[in-house]
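Welcome! Let's take a friendly walk through a protein model, from the whole chain down to single residues.

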Amino acid sequence: MRLEQEIKKPHNYAMLNINQLIRPNIRKLKPYQSARSLMQGGAYIFLDANENPFGDGLNRYPDPYQKELKAAIGAFKGVAQERMVLGNGSDEIIDMLIRSTVEPGRDNVIVHEPGFSMYEVMANLQGGEVRKVRLNEAFQPELPAFLNKVDEHTKLAFFCTPNNPTGNRLDAEVIKAFAQQFNGLVVVDEAYIEFSMQESFTKHLDALPNLVVLQTFSKAWGMAGARLGAGFMQPEMVEVLNKVKPPYNVNKLTMAEALKRLEEPEQMQRDVEEIIEERKGIEESLKRAFAVRHVFPSDANFLLVQFKDAPPIMDYMEVIGIILRDRSNIPGCENCIRITIGSFEENFKLIKAVNKLDMYYESD
Ligand SMILES: *Cc1c(COP(=O)(O)O)cnc(C)c1O
């Protein structure tokens with residue numbers, strides 16, 4: 001009886017024990033060590049890893065801890081390297097977080113709806129339960145709705161801000177308040193942060209020991225094809241993920257490209273400004289189109305657009321070669337289509353196509 005009460009007692013986040021959140025088999029793992037990771041410098045002949053001796057660098061395995069790249073990312077984002085995990089896209093970090101914490105058939109994760117679907121896919125792969133919380137009419141999280149879903153087997157809660165597919169940023173105060181009352185990890189996915197005026201949650205890493213912030217090079221940095229994501233978290237959590245991750249999960253070509261882009265971030269900033277300008281133009285045009293019911297405000301590089309009737313729009317666009325993302329099956333997103341902001345020419349063609357459909361709609 002006493003024991004039961006002690007286990008069920010709500011946890012105090014200030015006493016958060018990261019070890020408690022980690023699955024027992026992962027706790028027991030020893031980090032993978034290559035012979036080279038033990039080296040103290042001064043060794044120049046590498047006969048330890050069965051690599052090919054001929055080549056210009058790609059013949060060698062990459063640094064499993066990506067120290068040079070972490071230093072550059074850390075300097076740019078103002079986060080210490082000890083708090084960083086890099087992944088083959090941020091998707092890989094989401095996967096590692098779930099696999100490290102969620103015991104199949106027992107534990108659960110909380111996601112919001114509408115939200116990014118990958119959290120659910122990966123939690124299902126792990127055999128974890130997914131608890132969905134609806135955002136309110138304004139696509140904002142309501143604190144009690146999230147707290148109500150928590151039990152002693154809730155390991156993770158995901159917040160996507162700016163949110164995909166709705167485009168808006170979530171109320172940071174609600175996320176902070178939730179993090180303070182939740183004894184699991186709070187993952188704040190900032191894939192679209194560069195397009196937003198919102199401040200990064202990375203500044204709360206000291207105050208919120210259960211916080212994990214995810215960012216990516218796939219969107220603003222234009223490197224979706226190279227696969228690079230970053231997770232920022234407590235050093236203890238970094239140690240856990242370092243044990244779980246495949247040793248060479250970020251390749252040398254990707255690291256070299258990211259280093260190059262970080263040397264001149266102005267290019268990224270110019271791209272972002274242009275995309276935001278384009279977004280404003282498309283938003284205005286779409287708001288005037290008769291086929292459109294509502295354009296949701298966006299802090300990202302896409303717009304969620306509610307049409308009067310989404311299926312014929314999808315069909316027509318496909319016929320003329322414009323691929324959009326149908327989100328109309330998601331609760332709260334009826335007749336909604338997600339439209340990524342393209343180049344000037346691409347956007348021009350999109351708007352032309354939408355305007356062509358005007359004749360089928362009454363100007364109400
Ligand atoms: C695009 C996106 C990502 C990025 O995934 P990568 O694996 O880094 O390409 C992460 N989260 C959300 C919400 C996204 O929309």
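The report below starts with the whole chain and then visits some of its parts.

## About the model

This is a predicted model: local features need pLDDT of at least 70, side-chain atom pairs count only at pLDDT 80 or more, and totals for chains, interfaces and linings use all residues. Residues are numbered from 1 along each chain as its sequence is written, and side-chain values use heavy atoms, with hydrogens and water left out.

## The whole chain

Of the 364 residues, 50% are buried. Buried means under 20% relative accessible area, exposed over 50%, and partly exposed in between, using a 1.4 Å probe and protein chains only.

## A covered strand

Strand E6 (residues 211-216) is largely enclosed by the rest of the structure, because six of its six residues are buried. Leu211, Val213 and Gln215 lie on one side, with Val212, Leu214 and Thr216 on the other.

E6 pairs with strand E5 (residues 185-189) in the parallel sense over four bridges, and with strand E7 (residues 229-232) in the antiparallel sense over four bridges. Two strands pair if DSSP finds at least two bridges between them. Val213 stands opposite Val188 and also opposite Phe232 in E7.

## A four-stranded sheet

An open sheet has four strands in the order E8-E9-E11-E10, with antiparallel pairing. Its edge strands, E8 (292-295) and E10 (325-326), each pair on one side only. Five bridges join E9 (residues 302-307) to E11 (residues 336-340), and Gln306 has Cys336 in E11 as its bridge partner.

## A closer look at Phe158

Is Phe158 buried or exposed? At 1% relative accessibility, Phe158 counts as buried. Its place is in strand E4 (residues 154-160). Leaving aside neighbours within four places in sequence, Phe158 is in contact (heavy atoms within 4.5 Å) with residues including Ile94, Val111, Tyr119 and Val187.

Technical notes:
Helix = DSSP H or I, 4+ residues; strand = E, 2+ residues; numbered from the N terminus.
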